Amino acid sequence: MCGIVAYLGKKVAQPILIEGLKRLEYRGYDSAGVALLGSGAIKIKKTSGRISALEGILDEPAAAETFGIGHTRWATHGEPNTINAHPHLDYTCKIAVVHNGIIENYGTLKTWLQNEGARFVSETDTEVIANLIGYFYAKGDEGEGRSQFDGQNKFEWAVQRALQELHGTYGLAIVCSDFPDMLIGAKKGSPLILGVGDNEYILASDAAAIVEHTTQAIYLADNEMVTVGPEGFHTKTIDNVTVAKDLTQIEFSLEQIELGDFAHHMLKEISEQPTALTTCMGGRIDRQNGKIKLGGLAGYLRELTRTKHLILTACGTAFHAGLVGEFLFEQLARIPTDTEYASEFRYRNPIIEDGTVVISISQSGETADTLAAIEQAKERGATVLGIVNVVGSSIARTTDAGIYLHVGPEIGVASTKAFTAQVAVLTMLAIELGRRRHISSDEAGRYIDQLSQIPDKISQILQQSDHIKEIASANIDRDNWLFLGRGFNYPVALEGALKLKEISYIHAEGLPAAEMKHGPIALIVDGMPAVFIATTGPQYDKIMGNIEEVRARGGKIIVVATEGDENIKKHADHLITVPDVPELLQPILTVVPLQLLAYHAAVLRGHDVDKPRNLAKSVTVE
């Protein structure tokens, strides 16, 4: 959830750390700090607030300080103030740590360390890590400790010894003042990547902080650590077993994470959807033969074709994509499908029979709850597949096989292009399974042909941005909205409500339109905005009735409708149109106006759409 960056090389470290933190600020922006080494002591500067606040308290960069660690925080333990900001020093002032994750047994460890004489100044679980390493580092000078690390660096030994006591998740960058040219990183449940350049190394929680300097990297797996020093780097488990790692090419460029001419990353990513979906579907759609080619699942398609039960598990926006997938698999392939919140699935006693296939969906590939759900499913014998965007992520490595979205980095906290790509991938998979199980090749071919035209149709919708801004402007003074849809557009209503909530801070509720009259209709007051997805389809007449129910009670009607629908105009206060496509392909189109509606509402209300309060991009903690 937090952003970690560390630099060890020949260049002045401070500017590199600050630039890296700016690229990671979408991962957390409650507080920030850096620790620099160069004169033998560890120099720490940290503050509450954004990276800009940190810049305001920094000294001039020192040429001798070519080594340091930095952090931007999303608070878990302890309020977001300067004392709780990272880095954290141990009680001997020799060890400094930055941390992403949660230590579940920190309370027990803190009490024990205090009894051993360790001093604590913050409310964080991270300070326990620093003090635990410091404790073992100090004990290493005693006879018993020395015998345990003979032939091994004392600093590295102390880190390993401390990590063996931790329960929970961590991505760590650790330094020691006695070793001013040695950096240690460790991972369990939180991402950590080492960028390997020309006599320089950058350790980070996200490749976005690395690509400006190098495109070569290694990805740590759980319970692994990396030690970087003057002679290079080596990797091992926290139990001191050597692990060989191959250098991997980072797939995206610096240009892809820059804003360019856009005001916000969210707007850039909404606008990138035609290109992103073209890339996502590129090489996977065989229009000539009416087939879908999903190379990542090549060895599992027969098992998928025979399965009697699919479970889709995800959180947030990815969960809404999963709901669309549920409808797709049941309609096209006739496979009974359930969509489960990963945060609930992991604590239930789910029914996973022989032949059950679980598909986990996550943009980052690091979502803690989804990873836990994967482990639960694997323990019960399910085949587990992944749909993720970030290459080399934990979910990509943990699942049996999967499909990458290939839409490039998504920096905006509110997911947009990843959602449409997730739905596109689920659609492609459903069409292929349908072709193998239930629908004719001709029908599959028609869906494939329509799907291939989706990027151009999204481009048409994006041209209505100014019109959608006017709709947002006319309604942003209202603090309660409804989003209503039926069939395939019910999950879109949920996603539209989520987008408005998370960046504009307007309370919004997404519902199946027919459920409104079973309680929520009591909320409708004069002028309350109600957004209906009322595209042509088998339930069109029904949703028209729902519109009239809201109109009769004074609600303000905002409708997303199909181009050419003249009937709808007399029922709507505000109208947004989308091109005509089959109902099962509509979610990829109908969500785009809702993304723009939320974006413009947030900007008009004066909010930072890329860094909404209390949220971070990748939820790597429970």
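**Close-up views of a predicted model**

**View 1. Lys417, a buried lysine in helix H15.** Lys417 is found in helix H15, which covers residues 417-437. This is a predicted model, so take each view here as a look at a prediction. Is Lys417 buried or exposed? With a relative accessible area of 3%, Lys417 is buried, because buried here means under 20%. Its side chain reaches two backbone oxygens: that of Val407 at 2.9 Å, and that of Pro409 at 3.0 Å. Setting aside neighbours within four places in sequence, Lys417 is in contact with Glu269, Glu272, Gln273, Ala276, Val407, Gly408, Pro409 and Glu410.

**View 2. The hairpin of E2 and E3.** Here strand E2 (residues 31-37) runs antiparallel to strand E3 (residues 42-48), and seven bridges join them. Pick out Val34 and look across to E3: its bridge partner there is Lys45. Now follow the chain around the turn. Four residues sit between the strands of this hairpin, and Gly40 takes a positive phi near 105°.

**View 3. An open sheet of six strands.** Which strands make up this sheet, and in what order? Going across, the order is E5-E6-E7-E8-E12-E13, and the pairing is antiparallel. Strands E5 (88-89) and E13 (232-237) stand at the edges; each has a single partner strand, so one side of each is left without a neighbour in the sheet. As a bit of background, strands of a sheet pair through backbone hydrogen bonds. His88 stands opposite Val97 in E6.

**View 4. Helix H4 lying across the sheet.** Helix H4 takes in residues 126-139. Which strands does H4 lie across? They are E5, E6, E7 (170-176) and E8 (179-188). Compared with E6, the helix runs at about 145°.

**View 5. His86 and the cis bond to Pro87.** Zoom in on the loop between strand E4 (67-73) and E5, where you'll find His86. Pro87 lies in that loop between E4 and E5 too. A cis peptide bond joins His86 and Pro87, with omega about 5°. His86 counts as buried, at 3% relative accessibility. What does its side chain meet? A polar atom of the His86 side chain lies 3.2 Å from the backbone nitrogen of His99, and the His86 side chain also makes a polar contact with the side chain of Thr126 at 3.4 Å. Beyond neighbours within four places in sequence, the residues in contact with His86 include Ala32, Gly33, Lys46, His71, Arg73 and Val98.

View 6. Start with Asn240, in the loop between E13 and strand E14 (248-249). Its phi is near 75°, a positive value in a residue other than glycine. Asn240 is partly exposed, with a relative accessible area of 35%. Next, hop over to Arg334, in the loop between helix H11 (316-333) and strand E18 (337-341). Arg334 isn't a glycine either, yet it has a positive phi of about 55°. Is Arg334 buried or exposed? At 51% relative accessibility, Arg334 counts as exposed, since the cut-off is over 50%.

Technical notes
Residues numbered from 1 in each chain as written. Predicted model: local features only at pLDDT ≥ 70, side-chain atom pairs only at ≥ 80, totals over all residues. Heavy atoms only, no water. Pairing = 2+ DSSP bridges. Helix = DSSP H or I, 4+ residues; strand = E, 2+ residues; numbered from the N terminus. Contact = heavy atoms within 4.5 Å. Axes fitted to C-alpha atoms, helices over the stretch in contact; angles between N-to-C directions. Buried < 20%, exposed > 50% of the residue type's maximum accessible area, 1.4 Å probe, protein only. Polar contact = N/O pair within 3.5 Å; in protein donor to acceptor, adjacent residues only side chain to side chain.
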